[in-house]
Amino acid sequence: MRNSIRLIILFLFLSLSAFSQWRPSPYNWEYYGLKVTGPLILPNFSADPALLEDGAIRYNGSDVQIRKGGVWVNIAIGVHLDSARRSNDTLYFRRTNGGQLAVNIAGLPISATNGLADSLLNIRFSGMMDTVSTITGLQSYSGAAKILYVKDSIRGGLFYHQNTGTSDGGTVFAGTSGYWKRFYDRGVVQVGWWGDKTDAGIQSAINAADTGGVVYLQPKTRYIIDGPINPRNGQQIIGQFDTIQRCNEVKAVLQTAIATGNGNRTFNVSNATGWVVGMYINFYSTSVPRGSTAIHKILSVSGNTITTDGANTYDQAFAIGDTVITEFPMIANPLGGGPYLRNVLLSRIVFDGNKDNNNSHPVWEWGASVGLYVNGGRVEDCDFLNSKADGLIIGGVNPYVNHCRFINGNSNGVHLSGAHTPVVSNSYFYNNNQNLNTGHNEGHITFSDSIFNANIYGNWFKLTSQSGIGSLDNPFSGNGNASIHDNVFDSCTYAIMYIGNGSYGNPNIVNFNISNNRFKDCGPLRIQGLAQTTIDRSKGPGRIEVNGNYFLNSAMTIARANNINVNGNLFYKEAAATLSQNAWIFLIDNENITITGNHFYNHVYALQCDQSAVTTGTYKDKGYLIANNFFIDQSVRSIAFNSKNSGTFENIKISNNNFRNSVTNNAVVHLASGMEFSDNTMLCMGAYASSYCAIGAQYITGNYLDSVFNIVIKNNIIKMTTGYAIKIGYGGSGVQVVGNQYTLGSGLGPQSVGAIIDSTGGRAYYWGNKYIDSSTTILGATKLVAGLPGSGKVLTDTTGRGDIAWRSAVTSVGLSLPSIMSVTGSPVTTTGTLSATLADQGANTVFAGPTSGGATTPAFRALVATDIPTHDASKITSGVLPVTYGGTGLSALGSALQQVRVNSGGTALEYFSAATETFGTIYGDGTMTTFPSNVSDIILTPTANNTIDLSTSASYPGATGRIVRIYNTTNYTFQIHGVTVSNKFVYVVWTATNSPAFINL
């Protein structure tokens, strides 16, 4: 830094943890490309000699030295001090060729001329660097240094001088001449730099960080705010569990009327004590109890006269005597509307709504701790305590709430409003919804204004007078496609969840998946559309899956809904528990309900659909499947269907369930018209009164018993110690009891009450049932069979439709077979085995029909020629065919090229080898002086007469019997052995070895 800079001393402070104050730790850094992680001090040595302590660093000409043991020790020789880091800033230092100190902020472009950050620092430094203790010392500094380090542990840092600027109280300060600007990473600021523990300090930091910036709250600080904080797009506001707290409520009585319209308003109040500039207020009255839909900022306070801004329209008129009160969300979008924010993060902040000191007007819109409408918004690791109204209102696309706590709020913990694909996960909700006057106060989490594709998992919802989640309805465009899984709901008094259909009967409350949750001591899971005077289930909640949950002392209500699937859940009531309804699942006015694979224990009813209790409206339940469930020890009924009017149940099927009751009740299952009860197993072991039954069927009009219609009870297994198996009140037409099996206890068999035929001539059919009871009468199809049977009697269906009687049993069974079989063990009169074996037959006989003529009984006989069919030669696959039968008498093939002939004795055929014949050479004109051997043919091709001569001097080798044919291929003559030949063929025959004779010359 030119020759005037003799010494640079670096002193290092490190943060010991995320929650600690900065503490000195001078040895925690690296050299050459010096990297440090805490605040950097660059004091002028002569100005502050007290910093001469171990760990201090200086750049001494070309060497880097450390203060150690009271002396300077070289740690790098002949190098430059390349880089250093201060807090969250990345600073790079080097000496330029001109001797200036070049400072660069990481991430900003470097000037080609002086190595400085063009967008932040584009000046040349020379002269002294110095230190001051406070920001006040910075502002009053009059020395020559161009770089100052402020040693204040919160507001301090490294500053450079520039001639122009605009002071903001945190990053730029006015000096005695010019301005001091802080070195920091662009967009990364600390609220502590402003020294203001109010919303104004936080907002100043937000403004300085600008779009995409990061704002760090000062550790262990409580910020008291009296107006909303407005983040910018892409910002991150991060604390170390520092607290942002709502100020104490201030209110007064209006002494001046407030007119509607735009522009500022000036008015008098009864007492302006506590009102300050910058505070946000609202008005309310008995006629406008929720107040204005906009809040306003105080511009001035003079005595009891207040002036507020006109940034928002005054949409309501207020009179003298009405109330003015502080009111605002603590963090919110900028007032005045506009597009949603983008990508805002709130992290590790405690929001204290201070509800005990803000209890006069807790309206959900303005009393929220945080109200953000932001696409890509994230709220992580935050606490929402004592909220005046909602803890968090969040909307937009892909909002994400994770690992937060919502405790002791007046209203909802999380209010999802107009959110698409929101996630609320791994958070804790406790004791919210304390003040129902806030409006829209339904649960720890509530949905409003169209929520789609929500994913809510891993949360714990504990203690609320309202719902764990609710209401999941909407009067506008509905909610849908929500997955609510792996949560714990504990002591949610009104409901586990309320899934409704909005005040307008909206049809879009659909596609919910509620799975793998634990519900303890809660009000019912309510899937419940609005009451309708005209049935219209299209406007009810629908397509909802409730799978694999544990209902501990908690139940369900399904009403005016469609396409609900309840599968694989466990319902269990502890002995001392009291539930808000008497049935595990209360059902009414639904369509397409599937209840399968569940376990129901220890309640009054497991499933109850009681239309008789409804006094208004027309109801119909349709399309139920209740299958593969276990019903254990319900105190009144496992299943109870009571109809209000004829035909109110349609297509209800109860099948493949297991019922086990050891308590006393009056009907394990109670059916109504239009139902099928099939393939169930019922074990009813209680000490039932004689009038009790396993299956009851009654149609209820007031308190009168009447006929039931179109009930099928089939293929069930029913075991009872006492009582009736089936009890039908005056069976009407279409009642069938088919294929059931009963095991009954002492004294009472299954029987009907009154006559089976009702007053209209209908008929109940009993068919194919089995009764197992050794000591009592047994019910048939249409009559009783009285008395005990005699010895050897069996129970017989005498009509084929269930009319049964005792008949004599069979006493002897014999077996008679044709004579070809031998029978043993016949007859059987008690127990034994009948058997048969084939009788012995003569040799060379077969079991066949007659040798000729028509068909008769087969017998054993000898074969005749006509038994053998005509066969092709290919059917003969073994043996040797003699010459006399057209064969050769030879059992194998001969060698290659052998021929067959009659042997010398004329007795058989034999193979022999003929002389080898070889095709001879083709000769043109000339004289053949050497006769070829081992050939059988010679082909000659003369081109003129007498052109080929087989010389008389030629040698004609060959054995006796050899024959050679000479073939002339032309019309020319040739000579052989001195004789002119014109024939086509000449034969040479050897009468003796090497002595041929020529034939056909």
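This report looks at a predicted protein model, first as a whole and then at two of its residues.

## About the model

Residues are numbered from 1 along each chain as its sequence is written, and side-chain values use heavy atoms, with hydrogens and water left out. As this is a predicted model, local features need pLDDT of at least 70 and side-chain atom pairs count only at pLDDT 80 or more, while totals for chains, interfaces and linings use all residues.

## The whole chain

The protein chain holds three helices and 92 strands (DSSP runs, numbered from the N terminus: helices are H or I with at least four residues, strands are E with at least two). Of its 1001 residues, 48% are buried (under 20% relative accessible area; exposed is over 50% and partly exposed in between, with a 1.4 Å probe and protein chains only).

Tyr314 sits in the loop between β23 (305–308) and β24 (323–326). Is Tyr314 buried or exposed? Tyr314 counts as buried because its relative accessibility is 2%.

Among the residues that Tyr314 touches are Ile258, Phe283, His296, Thr308 and Asp309 (a contact means heavy atoms within 4.5 Å). His296 is 18 residues from Tyr314 in sequence, and their C-alpha atoms are 8.8 Å apart in space.

Val813 lies in the loop between β77 (804–808) and β78 (821–824). With 42% relative accessibility, Val813 counts as partly exposed.

Note on methods
Lists of a residue's contacts leave out its neighbours within four places in sequence.
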